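Here are a few notes to read alongside the model. Keep the 3D view open while you go through them.

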Amino acid sequence: MVKINNTGIVRQLNLDIVRDTLREEDGLTKSMLARKTGMSIATCGNLLHVLIEKGEVIEGEIDNLTGGRPAKTYYYNGENEMILCIYILVEENVTIHIELYDNVGRLQEEYEKKYDRITEDDIYEQIDAAIGNYEKIKMISIGIPGYVLNGTIDSCDEPNLNNKNIEKTIKEKYKTEVLIGAEKLFTVYGYYKRNDMDDESTLVYMLVPKGKAMGAGIMIDGRILRGGNELAGETMYLPYYYIKEQGVAIEEIVNEMPFIINTMVAVIAPQKFIISGSQFSHDSCEEIRRECSKLIPEKFIPEIVYEENTLLDYKTGLVNATLEKFNSGIKVVETGRL
């Protein structure tokens, strides 16, 4: 049982419960809300008042079939605020993919722009254009094909973004909440959410972009592993030759992948190991599994699967992470101790 004594935190958590309940229902009265949340009608009324003042909840009315006074119905106003999600995709060229959502997670608009190369100014230009069309944008999230430490980008597939602290600039320029993180982290989280995995799941999602260094998104017991300096999953630092090279033959990568899996099994023991990249297939994953069996006892080998639609996982993870940070920021975690 988790015990919370801070009144402010309890109130915030209760507000989040009311928000989430109203998002899931198409209108509730106070008594209906009280039954669903387990709170008193008075508490629900006070919390609804706060959310109405903030513009998050809209009051309506329903007819009372008994002929009495109509009971007010409350609806969540998903269009009250917007979030902007930006995906930086680096292949032969660079794509800035834009998605705009209301704060319930309903997609409002989606588009992209392609470049030969980009700088941070190209990102700000797209933010300016989005805010020009949607003044209610209250949070901006960006996925980076590299890693991000304290807002500063490093080891990015677009070199012009390295050593740039775009998080600080966006906060100062647009006065909005910002979430910036590595593509690999959002991708593994998207796979976790999209496949409705349980809170005890441990998995590794290996991103193998063609002609670029590999990286892994890692989740342990249902939580993203970032590590010191956000370096967790940077497989380029593992002591194997070919994974440090760009554009090597797929046969060489397949030969070294069992050693990577062996390392992951020894350290975090994942239940599932996902491999992506156009060079791979279901057949190559089967070959990797056969090679793993030469290094690892069969009972310890994780399920090895090929995932073709990496972009869907990436987008799912970024959107869900953004909505969770935007709509709350407070999480109750019950820690288990040995």
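1. First, some ground rules. This is a predicted model, where local features need pLDDT of at least 70, side-chain atom pairs count only at pLDDT 80 or more, and totals for chains, interfaces and linings use all residues. Residues are numbered from 1 along each chain as its sequence is written, and side-chain values use heavy atoms, with hydrogens and water left out.

2. The overall picture: the protein has 9 helices and 14 strands. Helices (H or I, at least four residues) and strands (E, at least two) are DSSP runs, numbered from the N terminus. Of the 338 residues, 47% are buried, meaning under 20% relative accessible area with a 1.4 Å probe and protein chains only (exposed is over 50%, partly exposed in between). Among contacts (heavy atoms within 4.5 Å) with a separation of 6 or more, 58% join residues 24 or more positions apart.

3. Now look at helix α1 (residues 7-24) and helix α2 (residues 30-37). They pack at an angle of about 110 degrees, their axes 11 Å apart. That makes the two helices, α1 and α2, roughly perpendicular; the label covers 65 to 115 degrees, while under 35 is roughly parallel, over 145 roughly antiparallel and the rest oblique. Axes here are lines fitted to C-alpha atoms, for helices over the stretch in contact, and angles run from 0 to 180 degrees between N-to-C directions.

4. Which residues of α1 and α2 meet? From α1 come I17, V18, T21 and L22, and from α2 come L33, K36 and T37. By class, this contact has 4 nonpolar, 2 polar and 1 charged residues. (Ala, Val, Leu, Ile, Met, Phe, Trp, Tyr, Cys and Pro count as nonpolar, Asp, Glu, Lys and Arg as charged, and the others, Gly among them, as polar.)

5. Next, find T202 in the loop between α6 (183-194) and β10 (203-207). T202 counts as buried because its relative accessibility is 6%. A polar atom of the T202 side chain lies 3.1 Å from the backbone nitrogen of D221. Leaving aside neighbours within four places in sequence, T202 has contacts that include M219, I220, D221 and P270.

6. Finally, Y191 sits in helix α6. Is Y191 buried or exposed? Y191 is buried, with a relative accessible area of 5%. Its partners beyond four places in sequence include L203, Y205, K272 and D313. Y191 and T316 are 125 residues apart in sequence, yet 7.6 Å apart in space, C-alpha to C-alpha.

Definitions and conventions:
A polar contact is a pair of N or O atoms within 3.5 Å; within protein, one must be able to donate a hydrogen and the other to accept it, and residues adjacent in sequence count only if both atoms are side-chain atoms.
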